[in-house]
Amino acid sequence: MQLCGSRPGKSIYQWASTFMVAAWCALALLPRPAFAAQAPEPPSAGAAIRYDSATRVFRLDAAGVTYAFGVNEAGELQSLYWGARLAAGDSLAAAHSRPGWASFEPPVDTTPQEFVAWGGGLYVEPDLKLTFPDGNRDLVLRYVSHRIDGNRLFVTMKDISLEVWVTLEYQIDPETGVLRRSATIENRTAGPFTIEQAFAATWNLPRGTDYRLRYLAGRWAGEWQVQQQPVHPGKTVLESRRGTTGAQNNPWFAIDREGENDPDHGGVWFGALGWSGSWEITVEQDQMRDVRVSGGFNNFDFGYLLQKGQSLRTPDFYAGYTQDGIGGASRLLHQFEIGSILPHAPTPPLRPVLYDSWEATGFGVDEAGQIALAEKAASIGVERFVMDDGWFGERNNDHAGLGDWYPSPQKFPHGLRPLIDKVHALGMSFGLWVEPEMVNPDSELYREHPDWVLYFPNRPRSEGRNQLVLNLARPDVRDWVFNTLNNLLNQNAIDFLKWDYNRNWSEPGWPQVPPDQEKNVYVDFIRNYYSILAELREKHPKLEIESCSGGGSRVDLGVMRYTDEVWPSDNTDAYDRLLIQNGFTYAYTPGVMMAWVTDSPSWANHRSLSLEYRFLSSMQGALGVGANLNRWTPEDFATAKKMIAQYKSIRETVQRGRLYRLIQPTEGSEQSATEYVGPDGRQTVVFAFLHSSSELYPYPRLCLRGLDRNAMYRVSVMDGRLDAGTPREASGAWWMNHGIDVDLSGDFQAAAFTLERETAPSRVP
Ligand code: DGJ
């Protein structure tokens with residue numbers, strides 16, 4: 001927790017490490033007048049990529065970031081700098097490979113490289129590892145050429161003798177300085193070879209011994225738990241071997257200096273992979289104490305057969321740097337996702353308030369029941385009605401029906417049209433649940449095409465939730481999935497798909513292709529999944545899609561390019577959600593984070609919470625309602641109507657604003673509080689939660705962040721109470737330094753208030 005006015009001091013270890021970094025920086029920044037003379041100064045805003053042909057140094061600048069690497073005398077791409085933006089006139093010395101260490105660490109290991117293949121005595125993590133048909137496995141890449149195209153840079157490398165070409169792509173985002181990197185491996189040899197490991201990039205950090213790694217771990221119903229640990233000598237591997245992203249680790253990392261306790265201060269290097277299949281991020285501190293982060297396809301069970309003339313592009317690996325602490329890292333990522341990743345970026349539409357039938361009806365959906373719920377949902381201001389699982393084939397429980405995507409004749413004798421028309425007539429858009437990559441063995445589809453799933457012949461086919469995974473890598477299966485969904489969308493006025501995915505892979509065989517090509521499934525499946533999403537969006541431009549995977553098992557910067565929102569967890573308990581949402585927003589914007597208000601006591605852990613508390617918990621993301629409205633009292637409807645109206649008045653601030661974590665709900669904290677400052681700074685919203693008060697301790701004073709200290713702000717309570725002495729109006733300096741007392745006591749209490757910035761004339765001097 002950050003108390004008003006406090007700034008943590010540095011420990012002796014931190015000072016020592018600061019000195020070491022400064023020394024490293026000084027070495028890397030030896031003055032070299034030729035650089036400034038080579039090309040015009042980079043602008044202070046926007047993005048610039050420059051190459052100095054005299055020193056063979058590439059420099060990328062954007063927002064608050066400078067990134068630099070050079071071609072050294074060995075032809076390797078040597079990392080030179082990644083951190084806070086340097087002055088335009090600062091020059092970076094040419095790259096020189098570092099000496100080896102005794103006879104055990106050759107220079108290829110001691111020299112920090114941008115992208116290095118396994119060969120020539122490499123012991124650190126390689127970015128690329130190949131096996132050739134003649135048994136050779138040695139690959140040594142050297143710089144060949146480059147091309148700069150606006151804010152993109154392409155650097156081509158080639159093996160010292162073989163016709164293996166690799167093109168590295170760099171793109172720097174002008175607004176945030178976030179870099180996107182990938183590698184394309186091209187086979188110009190006379191035969192095939194197998195790619196056993198292919199990473200997008202290696203990111204090298206300044207040498208240091210006081211780094212702290214944060215990452216996200218979890219499990220079904222307990223996703224998004226923030227972990228932190230010192231970066232030690234050796235490797236930490238974050239990964240999914242599951243064929244899909246997974247909730248056990250999410251492909252995101254952040255590294256800062258140990259002991260930096262102000263969430264909005266201090267240098268942070270962070271990154272995330274854009275890949276929804278098996279992935280890997282390796283954080284390694286080597287024997288020379290260099291720290292590198294590399295990532296891409298997971299090399300476990302990997303083996304991509306690349307035929308001659310073919311190429312393979314790795315996933316994108318995004319990374320950024322900020323001096324504004326872990327909170328600043330999140331805010332930069334949020335801004336980047338909204339501005340560059342989401343469909344319709346840089347202006348993706350705000351999320352409508354949604355109702356979903358799952359927790360109310362389970363599989364027991366039918367026309368009359370859904371219409372009754374839709375009428376009630378519309379009466380409280382819901383804008384989108386989603387019919388969840390159970391509407392198709394013989395789907396009365398999770399044992400049957402997946403794969404048979406036509407309306408159940410018993411439940412919907414007239415098809416979906418009467419329901420959809422009614423929902424539209426009520427002024428809401430209509431959404432439908434699908435799980436297109438799955439099949440129940442008890443389905444017409446499986447009886448007809450038992451070979452369409454992932455399997456090894458003559459081996460068991462392990463089921464998860466009584467279902468098997470369709471092999472989307474097969475072109476015929478891919479086309480069937482696309483055509484089925486396309487027809488469903490052509491025949492029905494569906495505005496939104498909730499695209500679910502409720503198990504991981506097992507027995508990932510693809511027996512219809514030659515054995516040495518079977519492992520291509522790890523790439524081809526995901527590429528086809530993306531292509532279906534892309535083609536559906538192209539054919540149905542108004543369609544919106546949610547990525548759901550039994551909760552938050554498929555959330556990453558890859559799928560977010562094709563989906564408008566994501567489902568973070570099946571755990572909808574409003575108190576548990578505080579922790580889940582806290583972790584989620586480390587990496588992903590609250591603007592895509594669906595959060596439903598569901599029944600109390602919660603199915604998850606039988607906790608009872610007031611409707612107000614449940615709403616305030618969900619209002620910190622994209623608000624939805626998932627409760628059984630048939631059980632609500634008139635008072636519940638009145639409360640919900642009021643709070644949904646309130647949400648609409650703060651929605652843009654929450655979904656597009658800057659998030660500050662005032663108190664985190666972690667480590668058994670009795671309180672938590674978040675603050676969202678709207679994109680134009682006019683509105684600020686604060687949510688405060690109390691787990692339980694004890695021994696009469698008052699709620700800690702909340703010192704706000706990110707306000708204009710000279711502007712005047714007027715406070716209004718949305719729910720709960722502020723201390724009686726709270727001024728109605730005060731300067732940003734007051735709210736940030738003096739702080740605000742929220743009057744909360746008891747168990748599971750919550751409050752929310754807004755600050756509206758006054759117009760210019762009332763600014764204080
Ligand atoms: C898992 C999802 O996370 C739930 O919201 C719901 O859609 C069920 N699947 C339906 O089977």
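This is a predicted model: local features need pLDDT of at least 70, side-chain atom pairs count only at pLDDT 80 or more; totals for chains, interfaces and linings use all residues.

Q: OK, so how many of the 17 residues of H4 are buried?
A: By that cut-off, 14 of the 17 are buried, so H4 is largely enclosed by the rest of the structure.

Q: And what span should helix H4 have at 1.5 Å a residue?
A: Helix H4 covers residues 325–341, and its 17 residues should span 24 Å. The end C-alpha atoms are 23 Å apart, which agrees.

Q: Then which residue has a positive phi although it is not a glycine?
A: Asn458 is one of them, with a phi of about 60°. Asn458 sits in the loop between helix H8 (444–448) and strand E25 (468–469), and it is exposed, at 80% relative accessible area. Leu696 also has a positive phi, about 65°, without being a glycine.

Q: Leu696, buried or exposed?
A: Exposed, with a relative accessible area of 85%. Leu696 is in the loop between strand E33 (683–692) and strand E34 (712–719).

Q: Switching topic: what about H9?
A: Helix H9 takes in residues 475–491, which is 17 residues. At 1.5 Å a residue H9 should span 24 Å, and its end C-alpha atoms are 24 Å apart, so the two agree.

Q: Which residues of H9 are buried?
A: Val477, Arg478, Val481, Phe482, Thr484, Leu485, Asn486, Leu488 and Leu489.

Q: What covers the buried residues of H9?
A: The cover includes strand E23 (429–434), strand E26 (496–499) and helix H10 (521–539).

Q: Let me ask about a few single residues. Where is Asp127?
A: Asp127 is in the loop between helix H3 (107–110) and strand E5 (128–131). Its relative accessibility is 0%, so Asp127 counts as buried.

Q: What is Asp127 in contact with?
A: Leaving aside neighbours within four places in sequence, the contacts of Asp127 are Glu114, Phe115, Val116, Gln197, Ala198, Phe199, Ala201, Thr202 and Ser294.

Q: And how far apart are Asp127 and Phe297?
A: They are 170 residues apart in sequence and 9.9 Å apart in space, C-alpha to C-alpha.

Q: What does Gly393 touch?
A: Not counting residues up to four places away in sequence, Gly393 touches Asp404, Tyr406, Pro407 and Ser408. Gly393 is buried, at 2% relative accessible area, and its loop runs between strand E22 (384–387) and helix H7 (417–425).

Q: How about Ala372?
A: Ala372 is in helix H6 (residues 367–379). At 25% relative accessibility, Ala372 counts as partly exposed.

Q: Zooming out, how many helices and strands are in the protein?
A: There are 14 helices and 36 strands. The radius of gyration is 27 Å, close to the 27 Å that the globule rule gives for 765 residues, so the protein is as compact as a globular protein of that length.

Q: What does the C-alpha trace span along its principal axes?
A: About 75 × 75 × 45 Å. Buried residues make up 61% of the 765 residues.

Q: What share of the contacts with a separation of 6 or more is between residues 24 or more positions apart?
A: That share is 68%.

Q: Last one: what does the accessible surface come to?
A: About 27,900 Å², with 52% of it belonging to carbon and sulfur atoms. As for charges, the protein has 72 positive and 93 negative, and their mean positions are 3 Å apart.

Methods: Residues are numbered from 1 along each chain as its sequence is written. Side-chain values use heavy atoms; hydrogens and water are left out. Helices (H or I, at least four residues) and strands (E, at least two) are DSSP runs, numbered from the N terminus. The expected span of a helix is 1.5 Å times one less than its number of residues. Buried means under 20% relative accessible area, exposed over 50%, partly exposed in between (1.4 Å probe, protein chains only). Contact means heavy atoms within 4.5 Å. The radius of gyration is taken over C-alpha atoms; the globule rule is 2.2 Å times the number of residues to the power 0.38. Accessible areas come from the Shrake-Rupley method with a 1.4 Å probe; for residues, only the protein chains shown count as cover. Lys and Arg count as positive and Asp and Glu as negative; His and the chain ends are not counted. The place of a charge is taken as NZ of Lys, CZ of Arg, CG of Asp or CD of Glu.
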